[in-house]
Amino acid sequence: MAAAPAPPVTATTATTTTTATTQPGGREALPIATSAEVRQYAARVARIRGRDLVLTVGLFALAAVAGLFGPRLLGSLIDGVQKGTTAGHVDTIVALIALFLIVQTVLTRYAKLAAGKFGEGVLAELRENFVSRVLELPLSVVERAGSGDLLSRSSRDVDMLSMAARYAVPTTLVAIVTVLLTIGALALVSPWAVLPLLVIVPPIGVVFRWYMKRAPEGYLAESARYADLTDSLAETVDGARTVEALGLQRHRIERTDEEIRRQFAAERYTLRLRCVFFPTAESCYIVPVALTLLFGGLGYVHGSFTLGQVTAATLYMQQIMGPIDEMLAWADQLQVGGASLARLLGVAGVPADRQASGEQPEGEDLRATDVRYSYIPGREVLHGVDLSLRAGERLAMVGPSGAGKSTLGRLLAGIHGPTVGSVAVGGVPLVELPLADLRGQVALVNQEHHVFAGTVRENVVLPRPEATEEQVREALAAVDALTWVEALPEGLQTPIGANGQTLSPAQAQQLALARLVLADPHTLVLDEATSLIDPRAARHLERSLAAVLEGRTVIAIAHRLHTAHDADRVAVVEDGVIAELGSHEELVETGGAYAGLWDSWHGRGAAAEQV
Ligand SMILES: Nc1ncnc2c1ncn2[C@@H]1O[C@H](COP(=O)(O)OP(=O)(O)OP(=O)(O)O)[C@@H](O)[C@H]1O
């Protein structure tokens with residue numbers, strides 16, 4: 001096969017430190033664990049599951065020992081027949097061969113069972129760790145990495161690893177044990193019988209080293225390219241309407257073609273490695289058998305070996321090639337599994353963006369002190385914001401597009417931690433509160449009203465799984481949603497989301513609001529909560545929202561000036577700082593940016609309501 005150029009490897013070769021790398025499109029891939037970390041993890045698993053591992057290897061070793069009696073007995077049978085023996089002796093040997101075959105079969109069955117238990121146990125633990133690590137990932141990291149990377153790690157990499165844990169690891173261990181025992185059995189037949197095996201060690205060693213030097217990078221690059229492709233496809237599907245509206249089909253197809261080309265190059269590279277490695281290794285297998293027959297035959301003619309010895313040595317030589325082949329074949333799968341394990345473990349290398357200090361907030365006041373924030377290192381979008389809110393206060397944030405209102409809102413809701421400075425509630429920084437406690441203090445309300453696959457009840461109780469039926473109904477009633485929920489075919493138990501009843505955006509938003517009522521935070525940050533919903537639904541929703549806001553501190557990112565007019569204070573955000581802060585009256589009197597906006601709103605009338 002023609003040599004393919006090696007694809008550029010953006011995933012690290014995992015030799016020194018856990019690393020995040022930049023992907024096409026400016027995305028920052030999640031980190032990949034180093035080979036030292038992968039080895040440490042494997043050693044830890046071997047320690048924790050030592051009993052299962054010893055049982056598995058022990059049973060396979062016993063099965064291999066049982067399998068070694070056959071050739072030896074056959075050899076002695078041939079020698080016996082040659083020298084002249086009784087029919088009874090022949091029958092005994094045949095019965096013994098049959099007995100050892102049965103013992104080997106039974107032991108192999110239990111060994112495979114033990115191997116299965118071991119592999120499934122390792123996999124289950126790894127999956128659980130992975131899921132809990134993914135759920136703890138800082139949102140900012142997921143946003144930077146894109147969903148494709150996470151999706152491919154949780155699907156393709158888990159699949160690859162399950163192949164390795166279920167089959168490659170146990171089979172390789174068994175093959176190693178079987179090869180060692182068979183070499184021992186060969187040496188017992190005659191120390192000379194081991195020599196033909198040594199002939200194939202150099203060529204297989206060379207090609208194996210050549211392969212192992214290239215394969216880890218190759219498989220990591222293959223996984224990374226697969227993640228890029230998944231990302232690109234997911235982006236196209238998510239943004240299908242935008243693609244259609246802006247006529248971007250050609251552009252998206254070209255982008256996908258490019259991703260496919262890169263993935264193809266990565267796969268062709270690893271295929272080329274396999275095309276060199278496997279044929280070379282497999283063509284070596286026949287050599288020791290041929291040499292044993294040749295030199296064994298010569299030795300027999302010269303009287304150095306018996307026919308039985310030659311038969312036993314040839315059978316052992318043939319028998320040993322099976323496990324050697326399995327070792328080499330699974331080495332490939334182990335490489336793939338190792339690369340996948342490095343990608344799964346790498347997720348644990350993402351530093352947490354919050355660390356619970358155990359302190360409890362005293363009071364409900366929210367305070368931002370010298371808050372600075374950068375999405376991309378070196379590109380600050382908030383430049384030192386100070387803001388203090390009393391419990392129960394209503395603050396409206398206004399300002400031009402891109403000024404930093406949403407970013408500040410997300411920091412005030414504790415979604416992201418500030419790069420510099422702090423946002424604290426009752427004296428405790430939000431990033432020092434466990435997530436469950438944080439959601440009971442401050443929450444963000446925005447246009448994202450995702451409906452999870454499950455029943456209406458399951459969707460509402462997400463922040464408080466222990467909520468009673470009565471509390472769920474009260475929460476739904478508070479946002480004016482109980483009537484339509486009860487009208488659904490199975491009421492609270494009606495399946496919604498994927499494969500369930502379809503909800504309107506307003507209904508989905510009401511469920512999100514009911515969730516908030518259950519979480520019961522004292523402070524809410526509203527970001528464009530109703531702007532995308534049709535005006536009639538919006539009015540209905542505003543009533544639901546008003547019920548939720550009642551009695552809470554509210555920071556509203558205001559897109560209508562009347563929201564600002566009705567608020568206790570208004571913050572004008574410009575270029576990442578709070579340029580003006582005061583009540584509507586004070587700001588109008590000062591004659592600054594807000595006064596200008598207010599004048600123009602008056603001047604243009606209701607049509608100019610949008611800021
Ligand atoms: N996820 C992100 N990654 C990188 N930069 C971002 C990200 N989100 C926002 N920004 C940048 O941060 C700056 C502030 O954006 P932000 O959305 O907070 O402004 P805004 O005042 O809320 O604007 P709008 O009213 O249009 O929503 C902008 O320059 C924007 O491009």
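In which sense do E4 and E5 pair, parallel or antiparallel, and over how many bridges? The two strands pair in the antiparallel sense, over 2 bridges. Please keep in mind that this is a predicted model.

**The four-stranded sheet**

- E4 and E5 belong to an open sheet of 4 strands, arranged in the order E2-E1-E4-E5 with antiparallel pairing.
- At the edges of this sheet you will find strand E2 (379-389) and E5, each of which pairs on one side only.
- E1 and E2 run antiparallel and are joined by 8 bridges; if you want a spot to look at, Val-371 has Val-385 in E2 as its bridge partner.
- E4 and E5 form a hairpin with 2 residues between them, and Gly-426 in the turn has a positive phi of about 55°.

**The six-stranded sheet**

- A further open sheet is built from 6 strands in the order E6-E9-E10-E3-E11-E12, and its pairing is mixed.
- Its edge strands are strand E6 (442-445) and strand E12 (577-582), each pairing on one side only.
- Neighbouring strands of this sheet are turned by 20° against each other on average, direction ignored.
- For a parallel example, take strand E9 (residues 523-527) and strand E10 (residues 553-557), which pair over 5 bridges; Val-525 stands opposite Ile-555 in E10.

**Helix H11 and the two sheets**

- H11 lies across E1, E2 and E4 of the four-stranded sheet, and its direction is at about 120° to E1.
- H11 also lies across strand E3 (394-398), E6, E9, E10 and strand E11 (569-574), running at about 155° to E10.

**Around the ligand**

- Which residues surround the ligand? They are Glu-143, Tyr-375, Ile-376, Val-381, Gly-399, Ser-401, Gly-402, Ala-403, Gly-404, Lys-405, Ser-406 and Thr-407.
- E1 and helix H11 (405-412) each supply at least two residues of this shell, and H11 gives the most, with 3 residues.
- Sorted by class, the shell has 4 nonpolar, 6 polar and 2 charged residues.

- Val-428 sits in strand E5 (residues 428-429), and it counts as buried because 20 other C-beta atoms lie within 10 Å, with 20 or more being the cut-off.
- Leaving aside residues up to four places away in sequence, Val-428 touches Glu-359, Gln-360, Pro-361 and Leu-433.
- The C-alpha atoms of Val-428 and Leu-366 are separated by 9.4 Å, although these residues are 62 residues apart along the chain.
- Asp-370 has a positive phi of about 40° although it is not a glycine, and its place is in strand E1 (residues 366-376).

**Segments listed as transmembrane**

- In an unreviewed entry, UniProt lists residues 53-74, 86-107, 164-186 and 192-211 under "transmembrane region".
- In the model, residues 164-186 are 100% helix and 0% strand, with the end C-alpha atoms 30 Å apart.
- Residues 192-211 are 80% helix and 0% strand, and here the end C-alpha atoms are 31 Å apart.

Note on methods. Residues are numbered from 1 along each chain as its sequence is written. This is a predicted model: local features need pLDDT of at least 70, side-chain atom pairs count only at pLDDT 80 or more; totals for chains, interfaces and linings use all residues. A residue is buried if 20 or more other C-beta atoms lie within 10 Å of its own, exposed if 12 or fewer, and partly exposed in between; C-beta atoms are placed from the backbone. Two residues are in contact if their C-beta atoms, placed from the backbone, lie within 7 Å. Two strands pair if DSSP finds at least two bridges between them. A residue is near a molecule or strand if its C-beta atom, placed from the backbone, lies within 6 Å of it. Ala, Val, Leu, Ile, Met, Phe, Trp, Tyr, Cys and Pro count as nonpolar, Asp, Glu, Lys and Arg as charged, and the others, Gly among them, as polar. Axes are lines fitted to C-alpha atoms, for helices over the stretch in contact, and angles run from 0 to 180 degrees between N-to-C directions. UniProt positions are given in the numbering used here, feature names are shortened, and annotations may be inferred rather than shown by experiment.
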